[in-house]
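Please read the report below alongside the sequence and the 3D structure.

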Amino acid sequence: MSLTLNHQMNTVFHHGLGLVRKYQQPILEEWQNILVNLRKAGKRSEKNAEDTITFFSTYLFKPGAQKDNSKTEVSFQSNPFILSLLENSVHHVIQKQTKQNHQNYQAVQYLFSTISEQILAQPYLDPFSIDAFLKQLVLSQQFPIEWAAMVIQKEQTFIVEKGFHYETNDLLLGITDKQANSIYALSELLLSQMTPEQRQNRTVIPIPYVDGTILICVKQQNTSQTIPFITYALEIFQKGKETLKVTMQEQQWKDSVILFHESIMRSQSLDEATENITAGFVHYLPFKRCALFSYSMNDQMSFGLFGHQIDNKAIQNITEDLDNLPVIQNSLRALEMFGNNLQFLQPIYIKDAKAGFPEQYVQQFQLCSVVIAPIFTSSSNKLLGAAILDQGPGHYFKVGEETFSALIKFGKSAGEILSRFMEDKSLKNISALHLSPREIDVLELMADGASTSEAANKLNLSEYTVRDYVSAIMQKMEARNRTEAVARAIRDGLI
């Protein structure tokens with residue numbers, strides 16, 4: 001199973017669409033008020049606003065007007081001012097109707113920004129449509145092409161979907177209702193629609209294209225020259241479309257990074273930051289669960305900070321030695337080869353969690369495939385922790401290249417907001433309160449009143465080692481003596 005970033009951003013798009021449709025009537029009334037005010041003011045943008053409102057009213061509220069956020073046919077030109085005016089009025093309506101949270105606000109914002117970008121970019125996208133290709137082909141003065149038509153197959157029937165004629169310079173009139181049970185029969189039918197003079201020495205060439213067939217009507221003597229040219233032209237045209245598709249997909253992961261960055265930068269405390277970060281990894285990337293961990297370089301330990309869509313208390317109770325996480329440990333060791341330059345630190349995809357995590361966590365959280373995203377700062381070149389992500393208990397999955405690109409940016413943004421609280425020592429204090437399993441053992445014996453030698457005998461350690469543990473415990477807990485350390489541990493629920 002592989003959920004893509006494109007799928008996730010479509011989810012955000014349709015979440016915004018659902019919110020807008022929920023308040024259809026007040027939104028349409030608000031837009032009409034805008035139009036009335038522009039008319040009263042005598043603004044020249046009135047016609048532009050009317051066209052834009054008509055388009056959005058159809059696109060947003062007519063069932064089946066759109067299937068996803070990647071296909072928008074536009075027959076008019078708008079401007080950024082009108083588009084922003086309509087979007088702001090939608091936010092205003094929703095805020096009056098209900099208390100709008102930031103996630104909903106961003107979903108509506110993304111809905112309008114996606115549609116608006118396509119409207120404003122439409123003049124540049126037209127050359128990549130099959131309509132434009134066929135029209136330019138027919139209008140070319142260098143090849144005597146009578147007409148061209150795009151044919152699709154529905155069940156056992158071949159149907160003319162669209163076509164162009166050199167005389168009309170436009171869509172073929174009366175041709176799109178033609179159909180037959182084979183390409184040959186359809187070609188014969190189209191030729192029969194021409195006058196005897198027009199079809200004299202004419203032939204129809206079928207050229208496969210994507211899920212359909214292009215029919216080209218030319219003079220018979222030009223067939224040998226026409227086929228190679230059109231085949232090559234179609235190849236160049238298709239490569240251009242694929243390049244555009246890749247560019248738009250790249251823009252989507254950049255959109256997800258922007259939305260994530262905006263959502264976490266609102267954080268006013270460490271608690272808010274950890275909640276917003278874990279929620280953001282799930283809302284704007286194709287994952288279902290996220291657990292955030294801090295990392296102590298000195299102790300080589302990892303501490304659970306927060307979990308989203310997963311048992312948060314269980315995550316916060318985790319304190320793990322990195323020796324028990326070989327996949328992460330090996331990645332950190334490899335990083336040393338680059339002088340600990342974090343720009344070389346990449347997310348880690350683990351197909352089966354059993355290969356990289358202790359069995360107790362695999363069973364407890366039903367881990368299958370997981371991704372480990374480093375949380376770091378580029379400004380101070382520090383690794384602060386990691387986000388562990390998956391698509392829910394018992395789910396195996398793959399990760400696309402665009403998701404990996406986004407994960408790096410997410411980790412960097414998360415690191416910057418967490419480092420802000422590190423300056424206030426908030427995160428350091430949390431890490432300090434996380435004791436290693438052996439330190440917890442020593443602390444529990446201290447609470448029972450055991451002496452250093454008694455603790456050493458019970459733990460099969462030397463007295464010197466136990467003293468080191470006691471010293472580390474008191475330092476982490478900022479305690480002046482053992483009694484104070486034990487009291488704080490009991491108060492904070494550590495033992």
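## Cores, sheet and helix

The largest nonpolar core has 65 residues, and of these W31, F56, L60, F112 and F281 touch the most other members. Helix α14 supplies the largest share of this core, 8 residues. Another core, of 26 residues, lies apart from it; A314, I348, A386 and I388 are among them. The model described here is a predicted one.

An open sheet is formed by 6 strands with antiparallel pairing, in the order β9-β8-β7-β12-β11-β10. Strands β9 and β10 are the edge strands, as each pairs on one side only. From one strand to the next, the twist averages 25°. Within this sheet, β11 and β12 pair in the antiparallel sense over 7 bridges. A373 has A387 in β12 as its bridge partner. Helix α14 packs on the sheet, where it touches β7, β10, β11 and β12, and its direction makes about 45° with that of β11. In general, strands of a sheet pair through backbone hydrogen bonds.

The residue ranges of some of these elements are as follows.

| Element | Residues |
|---|---|
| Strand β9 | 319-321 |
| Strand β10 | 348-350 |
| Strand β11 | 370-377 |
| Strand β12 | 382-390 |
| Helix α14 | 401-422 |

Which residues of helix α7 are buried? In this helix, residues 183-192, they are I183, L186, S187, L190 and L191. Seen down the axis of α7, the buried residues fall within an arc of 140°, so they line one face of the helix. An α-helix has 3.6 residues a turn, so residues three or four places apart point the same way. The buried residues of α7 pack against β1, β2, β4, α8, β5 and β6.

Methods. Residues are numbered from 1 along each chain as its sequence is written. This is a predicted model: local features need pLDDT of at least 70, side-chain atom pairs count only at pLDDT 80 or more; totals for chains, interfaces and linings use all residues. Side-chain values use heavy atoms; hydrogens and water are left out. Buried means under 20% relative accessible area, exposed over 50%, partly exposed in between (1.4 Å probe, protein chains only). Helices (H or I, at least four residues) and strands (E, at least two) are DSSP runs, numbered from the N terminus. The arc is that of the directions from the helix axis to the C-beta atoms. Contact means heavy atoms within 4.5 Å. Two strands pair if DSSP finds at least two bridges between them. Axes are lines fitted to C-alpha atoms, for helices over the stretch in contact, and angles run from 0 to 180 degrees between N-to-C directions. A nonpolar core is a set of buried Ala, Val, Leu, Ile, Met, Phe, Trp, Tyr and Cys residues joined through side-chain atoms within 4.5 Å.
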